[in-house]
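Subject: Handover of a model

Hello,

Here is the model for your files. My notes on its ligand sites and helix packing follow below.

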Amino acid sequence: MPKSILAVNAGSSSVKITFYTLENPPRTIADASISGITAPPPTLKYQQGDKKHQEEVKEKLSTPQDTFKYLLQRCFSDPDLSEVASVDDLEYICHRVVHGGDYRDAVEINDETLDRLKGLEDLAPLHNFSALEIVRLCKVELPKVRSITFFDSAFHQTIPEAVRTYPINQEIAKANGLRKYGFHGISYSFILRSVAQFLNKPIEKTNLVVLHIGSGASICAIKDGKSVDTSMGLTPLAGLPGATRSGSIDPSLVFHYTNEAGKLSPASTSEMHISTAEDILNKQSGWKALTGTTDFSQIAVENPPSKAHKLAFDIFVDRIQGYIGSYYVKLNGELDGVVFSGGIGEKSALLRRTLVDKCQCLGLAIDDVANDKGPGDEETVKDISKGSSKGPRVLVCQTNEQFEMAYHCAYSRS
Ligand SMILES: Nc1ncnc2c1ncn2[C@@H]1O[C@H](COP(=O)(O)OP(=O)(O)O)[C@@H](O)[C@H]1O
Ligand SMILES: CC(=O)OP(=O)(O)O
Ligand SMILES: [Mg+2]
């Protein structure tokens, strides 16, 4: 029986796993995810072929490891899923790790690399913890399967020095790795390849402004197929606001918010040393703080249910508009397209229309019918620009981080 690839995408509030055939390009075998881990009850979504299923999870899943094991067991026990019935059917496990420090490429897990990754956990405990817990579990419990970690930050290693450097004491900055790293790079890599192919252009000649906007949101300027700037920074907190994140604020706000801000958060454990300020700005801000919901589909509506919902929408539009303007200038106005992706970018026609209207001066124009319809299930990239538009294309791309990891895993093997 041919072996397969398992791709794991562990976030702070969800764990998604997808099985692929080990061929180039890989083919999806089955897909399972659990979301709402931090806002119970968690929900399981499962898809295998035409079979789609969703249910509330009754079991208590208190750790990322429990969640991962539950998902794995769920897939292995499906009698219709003969291609992956046990760990013996797996050749590789690809893990999405958000913060990869100075790593430029994916890394195979062994004792030495796992030790180096431990160092990164200190730089980004909030974002790497879940993924690395699962990496450790796989090493112990699935020792015969090769684990490869892919980093969100690797795509942004091309960002020039003046863009990635913070104007602080450089000795301290270098000793502590304090610089802009940028994230969502696995997604940007998928989007770049898909959009270049769609536009029939070589990747190295493709210039884009890409929005990856989901519960975490960022934007990236791509020049000649390389990231030249992105809105997230040392951590995924910088830049755009998100479901529970403030995005960029005046750093001094931390000192005025509460005099407890510098202390360790009650949620900190021996493995996760996070301060109250980090906890507040990462987990208790954004849409949740403004409106009470983390679900942007309740905010991006023609008639918002409250002034707070309208304000949250307007804040998001304002911040994104600012970045599009800035990146348009950084790319010297020579861009092939503006790309919307991530849960909000792919699904909210209202947000896309509002933003494109606000960026008319850059030559962006949208076809309302194509925009309202959005991409079909099987459509990776859709052009929603107005037919007569001479400006940059406006595109929607249904991103797929799990596929991107499996693709590189299969490609580097062949
Ligand atoms: N129709 C919609 N309109 C606006 N936002 C939506 C819509 N559907 C989903 N979303 C938003 O997309 C988010 C999920 O984005 P996604 O990129 O899948 O998440 P994650 O960042 O967790 O990977 C949801 O939290 C929700 O806010
Ligand atoms: C980097 C990051 O913010 O990831 P996510 O959008 O999955 O939370
Ligand atoms: Mg995501």
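**Ligand sites**

Ligand 1 is surrounded by 13 residues, of which the closest are Lys16, Ser215, Phe296, Ser297 and Gly343 (a residue is near a molecule if one of its heavy atoms lies within 4 Å of it). The model is predicted, so to speak of conventions: local features need pLDDT of at least 70, side-chain atom pairs count only at pLDDT 80 or more, and totals for chains, interfaces and linings use all residues. Residues are numbered from 1 along each chain as its sequence is written, chains are lettered from A and ligands numbered from 1 in the order in which they are written, and side-chain values use heavy atoms, with hydrogens and water left out.

Ligand 1 has these polar contacts, among them (pairs of N or O atoms within 3.5 Å):

- Lys16 places a polar side-chain atom 3.2 Å from an oxygen atom of the ligand.
- Phe296 has a backbone N or O atom 2.6 Å from an oxygen atom of the ligand.
- Gly343 has a polar backbone atom 2.9 Å from an oxygen atom of the ligand.

Around ligand 2 are Arg96, Val98, Asp152, Phe183, His184, Gly216, Met232, Pro236 and Arg245. Polar side-chain atoms of two of these residues lie by oxygen atoms of ligand 2: His184 at 2.8 Å and Arg245 at 2.7 Å. Gly216 contributes a polar backbone atom, 3.5 Å from an oxygen atom of ligand 2.

**Helix packing**

Helices are DSSP runs (H or I, at least four residues), numbered from the N terminus. Axes are lines fitted to C-alpha atoms over the stretch in contact, and angles run from 0 to 180 degrees between N-to-C directions.

Helix 6 (residues 185-199) packs on helix 14 (residues 401-413) at about 80 degrees, with the axes 8 Å apart. Helix 6 is therefore roughly perpendicular to helix 14 (65 to 115 degrees). In contact (heavy atoms within 4.5 Å) are Ile186, Ser187, Ser189, Phe190 and Arg193 of helix 6 and Glu401, Phe403, Glu404, Met405, Tyr407 and His408 of helix 14.

The axes of helix 1 (residues 64-76) and helix 3 (residues 125-141) come within 8 Å and cross at roughly 60 degrees. Pro64, Gln65, Phe68 and Lys69 of helix 1 meet Ser130, Glu133, Ile134, Leu137, Cys138 and Glu141 of helix 3.

Regards

Key. Helix = DSSP H or I, 4+ residues; strand = E, 2+ residues; numbered from the N terminus. Polar contact = N/O pair within 3.5 Å; in protein donor to acceptor, adjacent residues only side chain to side chain. Parallel < 35°, antiparallel > 145°, perpendicular 65-115°, else oblique.
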